[in-house]
Every structure is written in C-alpha cells, then in structure tokens.
4 protein chains.
Amino acid sequence: MELWFTEHHTKNVRLSIKVDKQLFTKQSSFQRIDIFESREFGRFLTLDGYMMLTEKDEFIYHEMIVHVPMASNPDIKKVLVIGAGDGGAIRELCKYPAVEHIDMVEIDKDVVDACRDYLPSVACKLDDPRVHITYEDGLRFVRRKEDEYDLIIVDSTDPFGPGEGLFTKEFYGNCYKALTANGILVNQHESPFYPDDARAMQRAHYRIRECFPLSRVYQAHIPTYPSGHWLFGFASKGIDPLKANLSQWEKLELTTRYYNTDIHKGSFALPTYVKDLLGDENESQY
Amino acid sequence: MELWFTEHHTKNVRLSIKVDKQLFTKQSSFQRIDIFESREFGRFLTLDGYMMLTEKDEFIYHEMIVHVPMASNPDIKKVLVIGAGDGGAIRELCKYPAVEHIDMVEIDKDVVDACRDYLPSVACKLDDPRVHITYEDGLRFVRRKEDEYDLIIVDSTDPFGPGEGLFTKEFYGNCYKALTANGILVNQHESPFYPDDARAMQRAHYRIRECFPLSRVYQAHIPTYPSGHWLFGFASKGIDPLKANLSQWEKLELTTRYYNTDIHKGSFALPTYVKDLLGDENESQY
Amino acid sequence: MELWFTEHHTKNVRLSIKVDKQLFTKQSSFQRIDIFESREFGRFLTLDGYMMLTEKDEFIYHEMIVHVPMASNPDIKKVLVIGAGDGGAIRELCKYPAVEHIDMVEIDKDVVDACRDYLPSVACKLDDPRVHITYEDGLRFVRRKEDEYDLIIVDSTDPFGPGEGLFTKEFYGNCYKALTANGILVNQHESPFYPDDARAMQRAHYRIRECFPLSRVYQAHIPTYPSGHWLFGFASKGIDPLKANLSQWEKLELTTRYYNTDIHKGSFALPTYVKDLLGDENESQY
Amino acid sequence: MELWFTEHHTKNVRLSIKVDKQLFTKQSSFQRIDIFESREFGRFLTLDGYMMLTEKDEFIYHEMIVHVPMASNPDIKKVLVIGAGDGGAIRELCKYPAVEHIDMVEIDKDVVDACRDYLPSVACKLDDPRVHITYEDGLRFVRRKEDEYDLIIVDSTDPFGPGEGLFTKEFYGNCYKALTANGILVNQHESPFYPDDARAMQRAHYRIRECFPLSRVYQAHIPTYPSGHWLFGFASKGIDPLKANLSQWEKLELTTRYYNTDIHKGSFALPTYVKDLLGDENESQY
C-alpha cells in the first residue's frame, strides 16, 4: 500500500517517507500529534505535521543536545529540560550518575503520554526517580527560577506555534537568571541551509548572544530534518566547550552512537557560509 | 505548474524538488542526462535520474573534494581528475597558482557539453590552459600512468552504471601506481546513513585501505544528496591531512563558502556509528 | 499534516488522496485491509492498497451494480451476492420489498467486521433479516447451487489476488447453473481505458459471453476508480435490460442519487473504442 | 528518471502523470504553456498547469464537442470556434463536407504555434482552406456578429484566467445574437463531481438557460480531466439533439473512436445527482 508522509522543507522541496501504518493521532490542546510506523525509520513522531523524531536517527539529535554540554562540565548536577516531551534528552541525561535532579517542563502532556505508549525506546527514562515532570509553558516556568540549574536544555519545536516563546530574548534572559555561575544553555538552533530556517536561526542566535558572554554554535547530520544539516546553540556564563577536558567524559565509558570526543570538537567547526550567517565573533577559536 | 523531480533515496524515502522547467535532456551513449531549472536550487544536473549537483549547493561538494587534499600538500602540481564532467572540481583546482597541469578524464562528452551550455558557473574553468580533457574511461586512462600525479580526484557517479569500475580494487591499485611519492587520492565515498549506500561506502573503503598506507574519511553536509550526510575518502602514500600545516593555505586567501581550515580538521571527526562502519583503524588520531 | 494515500493506476499514473487519519488497518488471512478518513471523500476502504470505495462516491457503484438488474426484472426474489463485504450492494438490494432472500458470500470476515465498525452508512443493512452471510470462497459456494437464484451479483476485487477465481470460465459456468430460468448475472467489469485493465475486462467479457446467451456491458462514472470510467457486465438467460419495462421500477419510488431510468438505458450506450474492445456482437441493439 | 506532472483536482486530490520530457514551455502574454512527453498519454498540453489535452484521450473531448451538435443538424455550414487553439475541434469539424466556413478565434497565438509544432495529430487541419484564424478575445469577436453562425463551439479553458469572460451572461447573449435561426451553442461545461467545479458548472448552466429556449447537458468519460466525468452544454434556438434524425450522420460514414449514435443519445442521460444540480427542467425528455 502506498501511504506517504510528506514534509515540505520549503514550498519547493519535500521529503516523503513511506508509512506502514498510523499508530496514534490526536489533536491536543496545543497541536496535532501523530505517530507512524515506517519501514525505513521505524516509528516516527510528528507535531502539526513537522517531523520531530524517528526511531532510526533520533540518537543523533539527543546525543548532541545532551553530551556536548555534559562533557563540557563534568560537575553538572541539576538540569532543566524544556520541551523534550518524547523523553530522548532525558534518556541521555540519565546516563550520568552525577546528575541529581532533572526538571522537565513540557507544555503538552499528550505528547508525553503518546511517547510513553508508542516510543518506549525514547521515553524509557521518564520514570527515573531524578526526573520531575511539570506540564507547563517553559517560558513561564523559568521566570520563577534563579541561580538554580547547571544546565538548561531547550529541546523545543520550531519557532512557530507552541514553541514560539522559546526563541524570544525575554526567555533567554530568564534562562540566564535561572542558571548557576557555571551554567550552560543549549538549544536546538534550526538549520542554516534553507533561507527561512536560516533567518530563524540567525534571530535566535543574535538574541542568545546579547544575553550570554559566551555563545557558540555546533552542528550535526540529522537526515530526517530539513537539509539534514542541523545546528545547536551553546551559551554559557563562561564555560567553553572547546576548552573542556574531555578525558573525564571518556572515563565515564558511556555508550553513544554519534557523539564522541572527536565529534565534540569537530562539530564546532562550521562551514564558512554558516559562520557568515552567524556573524564575525564566531570566527575560529578552535 | 506542479512539476516535480523525485529521487528515491531508498524504496521508502524520496526527496522531491519542484521544477520550473527542463532545460536539457539527452540519452547519451552512457546515460540519460537532464538539466532542470528550479526555484529552490537554481539549475540542477541529474544522470540517470540521480542528482549530481545543484547550483545552490554544489560548492560544498566541490570545495570539499578539492581543498582538503590541496591544503594537505601545498606542492601539488599535477592533478588527474576522473569524472567531474560538470567542471566543478576543475573550477576549484584552477584557483591554485601552483597547479601546473590538470588532466580531466570523463567518459561522457555529452555531460561536458551540456554543462558548458547550461551550467556556466560550474563549467567556467574548463578552458583554463592548464586543463586537458580526455574523453575516455578513467579506469583505462589511469592504467597507462606511472608516478605522474600528485593528486588524483575521483569525482564519479555512484558505483552502479558507468561509474562502477571506479570503485574496484584494480582501479585503486592503478591510482596508487599513477601517483608520485607524495601522492594523494581523494574520492567521493557515498553516504553512511542508508544501508545500501553504507555498504557501497564500506566496500570502497576496504578496497582503498588495502592499497594505500594512509586512508581517512571525511564528511560534509550536502543537502541534496541522500541523507545530506556525505563522505569523502582521503588516501595517500604518507601525507596526513590532520598533520598538514594549514597556515600556507590561509596565505593563499582563496575565497570559499564551505571549506575553511576549521572544517578541514573538523570534517575528519566522524560519528561513532560511521567509525564503526569503517572499522577500527579509523579511531581518533585527531 | 501531509499524509497521502496513492494508488498507481498504471506505472505512470497515480491518483493521490489526502488522508486525515487512518482509522483501521489489519493484515487478514487474505489481504491487507485499511480504512482512512479524508476530507474530500469521507472515509474510504482499500484492500491491498487498491481503492474499494469512498463514502462520497460509493453510491454510484452500488446503485449501478444493483438497480440495473433489479429494474430489468421486477420479479427477482432470491439474490446471491459474491464479495461485497462492505455491504453496499446489500443496502441497495434491501430497498426492494419483493426481494425475499439474499445470500452474501464473502471470503474475508475481517472486511465485513471492519466495514460494520467504520463504514456504517455502507454496511447498514447487513443485519436485515433477509440477509444471510457465509464466509467462504464464492467460487466454491456457487458450485453447490442449482436453479436457485434470480440474480447473482459479483462484486469482487480486481482479477488479481483473492478475487482471481471470480473471473474464470468455470466460475461463470457455475453461476449459469445456479441461476433460475430468468436469471441474471451482473459483475464489475474493470475499466476499458488503461491497457492492462482493458485486457482483464476483455478476458472476463469473452468468458461470460461463452456461457450466457445474452451479454451486455454498461458503464458508469466512478471518479475514484482508475480512469473514472468503469464497466459492468450484464449477462442473462434471456432477459434484456434494454427491453425492460422500466415503469414498474419508477412506481417503486426508490431514492437514488445516480441511477434513474434514463441512465438505465444510457449506460448501455458505449463509446466506439469500448465496443471495439468487446467485439462485434455488442453492436447497437439500442 | 522520476519526473511527475501533478494537477490538483482539489486541494485534497491530485492526479500525477510520469513525464518523459518537457518538449515546450513558454510564458505567453496570457498564460504559461507547456507540452510534455509521457509514456502513458503520449504528448500532453497544459495551460497554467491545468491539463488541456493528451494525445491518448483528446479524441473523446473533441469528438463529443463537435459531433453531437453536427449530428443534430446536418445543415450546418458556418461555424465559429472560440478557444480551441490546439486545433482538435477544427480537425473534427473538417471531416464534414457540408461545412463551408470555420472561424476560429483564439486569444493566444502562442498556443496555436506550439500545437502546430508539437501536436501535429491534433493541429493537423488548421490549414484547411475553410479555416480562418483570428487571434482575439472571443468575447469581443462575437459582439460584432449577428445571425451568422449555424454553430458556435466554446472550447475554452476553465472559468478562471483567460477563459473567464467566456462563462458570462453577456457572452452567451452575444452568442445567441450571432447564431442563425437554427443556431446551436455548445460549450465545455466543467465537471459535476468536485464541489468547486460543480458550482462553476451550475453558474454557467443557469446563464445559458436564461439566454436560450432549449438547453441540455451531456456527458463523457475523459480520464485526464478532474473526476473523469465531464459535461458539455448544448443550447439552441430550437433544435433538440434528442429528436435529431441520426441516420443522416450514419450515412456520412465518418470514423470516430468515442462518438456514435448510441452515445449521442446515451450521453444526455444524466445521473440523478447531476440532474439535481442542473435544476428540474432537465428532467427526462428522453
């Protein structure tokens, strides 16, 4: 049977994935949630028709959003994860014995419930005793916090719809306040390739840079995201991922499939056209 | 008008690009050649329905296949380019004043003619006096050569159809013989992501490794290739791209849009799952 | 969200329908059964990826397969329906007070169950007391019958897979034997337009003609079937649909949306190219 | 190579045809004109991305728009064809020895030129000495005419863009005036199936009915038009196609592939839902 999920990466480009069946669909209070079964990518989750993750390549996104900051500071104990309803970032964080407390703030409980039911390999650590889930707008949650988290991970949808507030200067300012003196903010940073995505990425990047003394961008190959070229933002009150002593991370002997300490450094080496989009101060310190 | 070019990346995944018009089509003696005009990617060239290049992102492929080896050895004078009928690799090579002679061996003259007519921004240096074009099977051409080239670039199609011979052990052995003592072989190395591509990549890699004392793999983000994650093979009689003194390249002040000396190093940092595919000896020397 | 069901009408033509959600999917012992919800056509049923019916246009098929024979002989009392697991033909038959007994023979109970659950507007008369359902291969069921039915309706899938036997000469011969002296056989007859469908149609037609003294073909516009041009076969031991007194049908005052007594006659007027496919003896007797 | 032309029949339904190559493309002063080569349908012409005709099934449309009126009145001598730049209606008209003069009024000369070059089997009679081509808006041309034509054929595009004026009451009134006492107006009448098309069809129909004493609708199976169910309008000052003596047409012994005298009558037998759309006065006179 020919049933295809299609995502328009732009009006003129589309990626289509053959679907074996639809496992779940719901219009929640915030968005349309769908989970499909496919031969190529296993199960995959979409929100409002945008690809969020597939069982086949989610490890790339989740490892890169978690291990880059975690390896940059081995003393991270308290983490706030905003969005991430699927649980993939949580799963990676729970690999660290040093982490004591994880607050996960997800606006849409239906996403979490659906992922628990249909994506157990991703949502598998949501019941770890260190994980505390709050169903609330991340923007609001973080306003109340001060000097509390060593790491904030913003694992949001794109800057349209429910995720919009998580790309504002106000939000980044509140994150700064909520972080401890060694605090790190990591966020998904869109793609540099297609013009609309690139503009969203620039906007977010400029706002973060105004709020944080150190701000870098790193990249990964995520085949099911538009262009396959995805960026992450790394901002901190001082910790520099390129000066981190990565041997401590090696000693943890964690199992990963994308991230490694070569990638840690290599992922900050950006193409010239991406550097140009980001502005001069991202010039090589590498 | 809705006219879409579709490439099946696997049986279950397809990338579709809206076409404004078809500029050229011909069944040559070797393959079906098409050139299209599109809003998103400008003009693009396909061979037997496989995407070869688009005006928008060809710079990534061509810069990465040329500048990585060229920056690894500033003394390259004589270059053999196999395939590359579009002229993109030639254009990048011609930026180097030190290069004295380029042999380009392309099996299909029709590809060259079409690119001259319809892709002038790519084919623009085919008339450089240093460039010598031979229309012949690269496999055969290289057999006759010994200790002649400082660099061989294999810019072939996929290992099916006309490009098949360029992925054999016999071919790599002949390349070794054709190279000078400091010789470097660079080739397009397929993608590690989809299983069929990954197997082709592994096969090619093992064969090269048997022929060359030093063999590394590096990567780039090429949005219009399957998965967007593309690999290149770097093999040499001794020159190590990770030990190169890149300051000489910086002094040339060439204009590039993807390649830079950070990327030079960063692109050899491979994801763990790619290292696993390539085998142990690719472990970090980085 | 972009989720599209696609049916290839030929290798080079495809009809795609935007799906809102998948309501049901099951691999039964005989075939893959799917029911989808769509904005344009309401719910629709596919078997092995082939469109069987949509809520929006199923009335055309079901009215034409039932009312043409029923209006041709007002004395039909006992009917055998083969296939038709969706219940649409049954629904139309149940409109006739004169009908006393309907045997429905469907090979796949899962189709019936799914239609009862998800297509109530189609399956709504399956519990009429006159309806007797047997889950069995129609080919086998009809072998045991003699001089029993005034009408046999073969509402089968295409002549590939489970429906194949229902297009054989043996089957048509058994139908002849199972019919009373005034008996009529009606079957879905494929489309005349695309070459492969046309050949299947011809084959079925020639076989029926060898078994029955009177054999005609009529047509309807069914937008969701390949080419939109669909044929039905009408065969009988003598009753001629073009000589029927249709005023009796008018007196029944049944509500229909496609069929009427003009259409009854008009639908037997076939295009010249269809007549040519069917052979000379279908020349106008009209 | 996978190159597909897609027409959206509605926002939720699309028909896609595999294209072998694009033969012609031009943005004329009025519209975008494209001619493609396909395996399934041979060459096909699109205007602004809407399917106009394919070599494989154009005979249906052209025979039905010409032979139905021509058989209804064997004395037609002077004909006005509006639109029809492809020449298909002209080709059919030229089969009639009694026809003395054909005025063809097409707004877009580029369509005619393209069809002459790429669709010779359709445009083949444009040089018949009886054919007089004027490149002008049909709306304007007909305003100047009075009691001149025995038949006007409006072979227009859909009632959007350049064809819009050809669906107005003013236009139909001017056609009435331009016709002789036995005059007939035939026009393409859109499809009854998809709601937007059906509304356009109703609007056109009501306007014609206000202008002409006799107005009927007939249908044909045209697989490459939306839904495959296409209508034609037949309006006249008195001549009734259902009372025509068709034996005269038979005597002409013209070769046709769709039209025949059975179809002539049968095509006026409309489905109940189409009659309902058209209003009561179209009830059976058949």
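In the predicted model, helix H6 of chain D, which spans residues 169-178, and helix H7 of chain D, which spans residues 195-211, have axes that come within 9 Å of each other and cross at roughly 35°. The crossing of H6(D) and H7(D) is right-handed. On the side of H6(D), the contact is made by Lys169(D), Tyr172(D), Gly173(D) and Tyr176(D), while H7(D) contributes Ala204(D), Arg207(D), Ile208(D), Glu210(D) and Cys211(D). When these residues are sorted by class, the contact of H6(D) with H7(D) is found to hold five nonpolar residues, one polar residue and three charged residues.

Of the area that domain 1 of chain A buries against domain 2, His9(A), Phe30(A) and Leu53(A) supply 26%, which is more than any other three residues.

The relation between chains was examined next. In general, two copies of a chain are related by a rotation about an axis and a shift along it. Chain A can be laid on chain B by a turn of 180° with a shift of 0.0 Å along the axis, giving an RMSD of 0.0 Å, and the two copies are therefore related as by a two-fold rotation axis. Within chain A, the C-alpha nearest this axis belongs to Gly266(A), at 1.9 Å from it.

The contact between these two chains involves 45 residues of chain A and 45 residues of chain B. Because 100% of the interface residues of chain A are also interface residues in chain B, the copies meet through the same surface. The size of an interface is often given as the accessible area lost when the parts come together. For chain A and chain B, the buried area is about 3,900 Å², of which carbon and sulfur atoms give 58%. On the side of chain A, the residues that lose the most area to chain B are Asn12(A), His221(A) and Asp262(A), which together account for 18% of what that side buries.

Definitions and conventions:
Residues numbered from 1 in each chain as written. Chains lettered and ligands numbered in written order. Predicted model: local features only at pLDDT ≥ 70, side-chain atom pairs only at ≥ 80, totals over all residues. Heavy atoms only, no water. Axes fitted to C-alpha atoms, helices over the stretch in contact; angles between N-to-C directions. Helix = DSSP H or I, 4+ residues; strand = E, 2+ residues; numbered from the N terminus. Left-handed = near helix turned anticlockwise from the far one by under 90°. Contact = heavy atoms within 4.5 Å. Nonpolar A, V, L, I, M, F, W, Y, C, P; charged D, E, K, R; others polar. Least-squares fit on C-alpha atoms with pLDDT ≥ 70 in both. Buried area = accessible area lost by both parts, 1.4 Å probe.
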